[in-house]
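Okay, everyone, thanks for coming. I'd like to walk you through one chain today, so let's get it up on the screen.

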Amino acid sequence: MTSPYAQDGFSVGFEWGPVGAGVVAGDIVAVVDVLSFTTAVTVAADLGIEVYPYRWRDETAVAYADRRNAKLAVGRSEAGPGDVSLSPVTIRRAQGVARLVLPSPNGSTIAKELSDGGATVIAVSLRNRQAAADWVKAQGAGRRVVAIAAGERWHDGSLRPAVEDLWGAGGFLSALDQNDLSPEARAAVAAYDAVADELPNLLHECASGRELTQYGYPEDVAIAAEVDQSRSVPVLRDGMMFGST
C-alpha cells in the first residue's frame, strides 16, 4: 500500500525535516535551511569554495577535513579572526579557502542522507531560489521535484518548523512555475507569495532571525535576506557541493 504521506501523483512536493525527506521521494530534492546552512553554501559557491556537508563537528569531522585537505568550520561562538563558521559573514570574509567542511545537524544532515539515497540534491536559500528553479527547469521535463524545509530543533530535540525555511521552499517552488503541485507544495508557495514584498524585514522579525540577532549575528540574517542575489546552484556530488551556474 502506498504511504498517504508520500504525496504520490504530483510532480512537485514539499515536506519538513529529515523524517519528511525520507517519506517524500524526488528525483531532484532542494534542501532549504535559510538560517543558515544553505545560505552559507550559496555564499561559498559564489566564491568558488567547495563545501563538504557534515553532520557534527567532532573528531570524525577533523579527520574528514584532513583527508580532503579542507578547512573545518568552527562553531559560530568559537570563531576568531580568520576562522570560518556556519555564519555566512565568516565565509564571505574568508581568505585562501578552497574547500570547506561545514557541519550542520539540520540542512547538512538532510542533504547527505538524501544524496546517499540516490537523489540529486541542491542547496536552496532565498538568495538563489530563482536560480535554482531555473536550473531545475533546464534539466528537462519528467523529473519529480521536492523541496525539504530543514526546520530547527526545540530543546527536547523535536522539530521546530521554521518559517524562513517555509518561505525559502515556497519561493523556490513558486519560481518553478508548475501547476502539478501537491497540496503541501501549494501551501508553501502561498506562504511565500503572502510575504514576498516584505521578506527582508520579516526575516529579521521571525523567531530565528530574532534569535541570531540576539546572539550578535544580525549580518547573517541580512545576507540570508539577499533575495535572488545569487546565481549559484550548489549541487551535491560525491560528498561535495559546488555551484553550477
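Before anything else, one term: a nonpolar core is a set of buried Ala, Val, Leu, Ile, Met, Phe, Trp, Tyr and Cys residues joined through side-chain atoms within 4.5 Å. And keep in mind that this is a predicted model.

So, which residues touch the most other members of the largest nonpolar core? That core has 43 residues, and the ones to look for are Phe14, Ile122, Val136, Phe172, Leu173, Leu176 and Leu203. Helix α7, residues 163-176, puts in the largest share, with seven residues. There's also another core, apart from that one, with 31 residues, including Ala44, Ala73, Leu100 and Ala111.

Let's zoom in on Phe172. Skipping its neighbours within four places in sequence, Phe172 is in contact with Ala30, Ile122, Val124, Arg129, Ala132, Ala133, Val136, Val145 and Ala147. In soluble globular proteins, by the way, nonpolar side chains tend to be buried together.

Now zoom back out. The chain has eleven helices and eleven strands. Its radius of gyration is 17 Å, close to the 18 Å from the globule rule for 245 residues, so the chain is as compact as a globular protein of that length. The C-alpha trace spans about 50 × 40 × 40 Å along its principal axes.

How many of the residues count as buried? For this chain it's 53% of the 245. And if you take the contacts with a separation of 6 or more, 73% are between residues 24 or more positions apart.

Terms used. Residues are numbered from 1 along each chain as its sequence is written. This is a predicted model: local features need pLDDT of at least 70, side-chain atom pairs count only at pLDDT 80 or more; totals for chains, interfaces and linings use all residues. Side-chain values use heavy atoms; hydrogens and water are left out. Helices (H or I, at least four residues) and strands (E, at least two) are DSSP runs, numbered from the N terminus. The radius of gyration is taken over C-alpha atoms; the globule rule is 2.2 Å times the number of residues to the power 0.38. Buried means under 20% relative accessible area, exposed over 50%, partly exposed in between (1.4 Å probe, protein chains only). Contact means heavy atoms within 4.5 Å.
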